[in-house]
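Dear colleague,

Please find the structure below, together with its sequence.

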Amino acid sequence: MEMSAVGQSHSMLDAQERVSGRINYVLNVEQPGMLVGKILRSPFPHARIVAVDVERAERLAGVGAVLTRRDFGPTSGYSGRYGRIFRDQSVVAFDKVRFVGDPVAAVAAVNEDVAEEALSLISVDYEELPAVFDEEEALKPGAPLVHDPRPQQQPAFSKLIQDLPPGTNVCSHFKLRRGDIESGFRESDFVFEDIFRSPAAQHVPLEPHVTVAQFVQGKLTLWTSTQMPHAVRSQMAELFNLPQSRVRVIVETLGGGFGSKGSLRLEPITAFLALKSNRPVKIVLRREEEFVTVCKHPATIRIKTGVMKDGTLVARQVTANFNTGAYSDIGPVVARNGGSAMSGPYKIPHVRIDSFAVWSNVVPAGALRGFGVPQAVWAYESQMDKIAEQLDLDPVEFRRKNLLHDGDLFATGEKLADMHFDELLERAAASVNWSPSDARWLNPDNSQSKQSPLRRGKGLALVIKATITPSTSSAAVKINEDGSLNVLTSSVELGQGAKTVLAQIAASAMQVPLACVSVSDPDTDLTPYDQQTSSSRTTYSMGGAISKAAIDLKRQLCEYAAELLEVSLNDLILEEGRVMVRGSPSRSISYGEVALRSNQGNLIGRGAFSTRGGLDLETGQGIGSVHWHQGAIGCEVEVDVETGKIKVLQLTPVVFAGRVVNPRLCELQLDGCAIFGLGQALFEEMTYDDHGQLVNANLGDYNVPSFEDIPWKVNSCALEHAESEELHGIGETLLPPVMAAVGGALYNATGVRLCELPLTAEKVLLALRNGRLRDQDAH
Amino acid sequence: MKQIIKLKVNGVEEEKAVHTHQTLLEVLRGEHKLFGAREGCGIGMCGACTVLIDGKPMSSCILLAALAEGKEIVTIEGLSEPGKLHPIQQAFVDHNAFQCSYCTPGFILSTKALLAENPSPTAEQIRHYLAGNLCRCGSYYKIQDAVLDAAARLRAEGANPTRTA
């Protein structure tokens, strides 16, 4: 019997269902009598709603309900307003629409065709308003106000987000103040200032957002594609004025999430349609609707860094504007997380950061794998390369000189431990056989053949990333009369292998075979509280809760076994699914028998795992993360200077993982991070026209990496540490550094330095042409 | 307007009343309740809805159901016998060649078509053939390993056909 499940590369426990098409996604949920819901969306980026006429739609045969702003407000008893931080969103638009795609009305009908026809029968009169799309434009005096008056802030976030004056599009302002920035720049030999931009990008989980809502005897049940079942429950309870016990959220397996399935999405609109039609209602988003539901924050980051001649970093000032679009969603926390990461894995004594979430008339931005850190790393690691060039330093040496080590203070003032950046940098450099002459500026007679249009270059980048702190997970572990285990958890399986990894942790903790363990899907009526499946926290946090539940369960097993075996508690040991008397192995009793003879039916252990921390509102000082995720990427590219196309030849993502529970599933996520980052590095960008209309909202025009876009090999590597028993989440860490590593390699290959993602062939070619023109002028 | 068509899905022919504008994917999911084919993009770009039509991988999201009449339609549910996975499926399990697995049926069916055309594909040929199937989780390297392995298993079975009985 194999007892140490942790550390083994088990295939996913539900692998057979997955390869035979039988696994149950939320997409498959159907209820008897279910109607199909459809959403009417705004064609304007910013407009006042003058009138909504639904009479003809309501009369259409087969229509169960039409939902509009009339259904909300004081007389209805439903405010219809929601939002995790600001109540700036409404179930359907009330007074005005704020982006192209904003829901204006919705219908539920017997089938898709009738629902579509009903939508076409709704007429809406709009009065167009001036709109603003860019985060920097939105901050200018006189810019159209997206929200006026300023929306109300949820009390739970008052310690996280500062109250700001009305009259601007500033949604939130994160401040970090460390040392004395002015004297830092005065002391510096050189000061460098740069601007880096990241565009909006899509999550593109292949399974779209889906919600099925049903009211039975006043209780709302939701089957929904969410990464946060408990947060959905509490917000829905508030929207429907129900106790949380009368909202049930069930989450089947998700076909990917990547952060997109975080906040409330389709749940409010679907549930109000269900209430109004008195039938179960299902809404499935079409791909083009996915594009207008949530995205990665476009960001403009101004970064100013002071440095000594020898390459010692002294001071850094950053102004970051994260464009959170029409609604704030979790944007203020993204801006805070990205903001607090701006000093990177480097010792910088003087740091001043102002990071803003800004409202504008584009698609709302929210959490996307990396949570603000990809934008930050693109800026600070690209600038590190530029500074190294200006100082004529080897970029690897320059980074090494400034790395954070155990005992150093982070920009938030917290003391760091378990730092592994020396090794990570070493590994990344070794992966591409880095030598100083790989830096273009240290190799003036660049030896690359000019016969061929192909130029090669190497690059690397580092990342430090927080995991959400404070946070709480709880779990229950139930032992049955045959000794098998049910793990009750609200962690969501979205492809990361959570159920398998948590089963491995439970099997290891309880000393039972993995095959005896079954892990639940989240069901808020049955499974204990979990904050969210995000922030790379499930293995660490829910794993911690399960370990504690196992301790509780083992205590109960021993107590009952002591009675049954008539020995003292101290004489008992637990091994291989049995409670044994120390020293006399013949006297033992199986877990199942203990459960059976305990007269308890079954035994349930429970455990909660929570972390503490938080940052001061004025200074950004405090505990930003219970521990820090650390990673590095090395990459080599080949650029065709005749077409501008970048081909990434190899990528080596290296992460510090503490201890790995399932090496193969870990490797899959590391590969996934690298490939996800590659898409954002090379071509992923949501493109708007001048009127705020998204022009590439489909997978024909918006490309994600296919088999033919990926490097020949990605050499993913998770560093384990013998002394470290701690589990580190690895689901996001290696996405953020990909873009800067590729950007650096592009420069070393061609001399083209781009400051705006993605690094498309067009941009590279244009920069090469401009460079040639400049060279000609110079001669 | 509905019309009656005869669809032969996974070896069973049935009459179905379908709208002329209904796609094969809608009919497979809505009428047959075969949930292994899934919409990802709705425009034939992602491959999540791939089924085999007379052995060729096609995007069922852009194929009208009526046009599939008289053809052999195979979905992922038709690939394995009860209790026994197809060798390609088994290779995907053994390599854990997926994360969320929403794309997996499409990859497996495209692989089946690939290996029927070319029993010994190189890694380059695999990448080229499967470029129309997207895996957003980025499990491509494990998929490539699984396909190479599946090819080897099928070749071995071909050499020793009694094992497939």
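**Chain A: overall form**

Of the 779 residues in chain A, 58% are buried, where buried means that 20 or more other C-beta atoms, placed from the backbone, lie within 10 Å of the residue's own, while 12 or fewer makes a residue exposed and anything in between partly exposed. Please note that this is a predicted model, in which local features need pLDDT of at least 70 and side-chain atom pairs count only at pLDDT 80 or more, whereas totals for chains, interfaces and linings use all residues. Residues are numbered from 1 along each chain as its sequence is written, and chains are lettered from A and ligands numbered from 1 in the order in which they are written.

The C-alpha trace of chain A spans about 90 × 80 × 50 Å along its principal axes. Among the contacts in chain A with a separation of 6 or more, 80% join residues 24 or more positions apart, two residues being in contact if their C-beta atoms, placed from the backbone, lie within 7 Å.

The largest nonpolar core has 296 residues, of which A:V487, A:A506, A:I546, A:V742 and A:L746 touch the most other members. Such a core is a set of buried Ala, Val, Leu, Ile, Met, Phe, Trp, Tyr and Cys residues joined through C-beta atoms within 7 Å. Leaving aside residues up to four places away in sequence, A:V742 touches A:G459, A:C635, A:V637, A:I646, A:V648, A:A681 and A:L759.

Helix α12 (residues 421-431) of chain A has several buried residues, including A:F421, A:L424, A:L425 and A:R427. Their cover includes α11 (395-402), β18 (454-466), β28 (628-640), β29 (646-658) and β31 (717-720) of chain A. Just after α12(A), A:N433 has a positive phi of about 50°.

**Domains**

Domain bounds come from an automatic or database domain assignment. For chain A it gives domain 1 (15-23 + 471-611), domain 2 (31-129 + 204-291) and domain 3 (376-462 + 626-778). The C-alpha centres of domain 1 and domain 2 of chain A are 38 Å apart, and 16 residues of domain 1 of chain A are in contact with 17 residues of domain 2 of chain A.

Chain B is divided into domain 1 (2-78) and domain 2 (87-160), with 22 Å between their centres over C-alpha atoms. Here 14 residues of domain 1 of chain B are in contact with 13 residues of domain 2 of chain B. On the side of domain 1 of chain B that touches domain 2 of chain B, β3 (50-53) and β4 (56-59) of chain B each supply at least two residues, and β3(B) gives the most, with three.

**Contact between the chains**

Chain B and chain A each bring 40 residues to their contact. On the chain B side, the elements giving two or more residues are α2 (87-94), α3 (104-117), α4 (123-129) and α5 (140-159) of chain B; α2(B) gives the most, with four.

Yours sincerely
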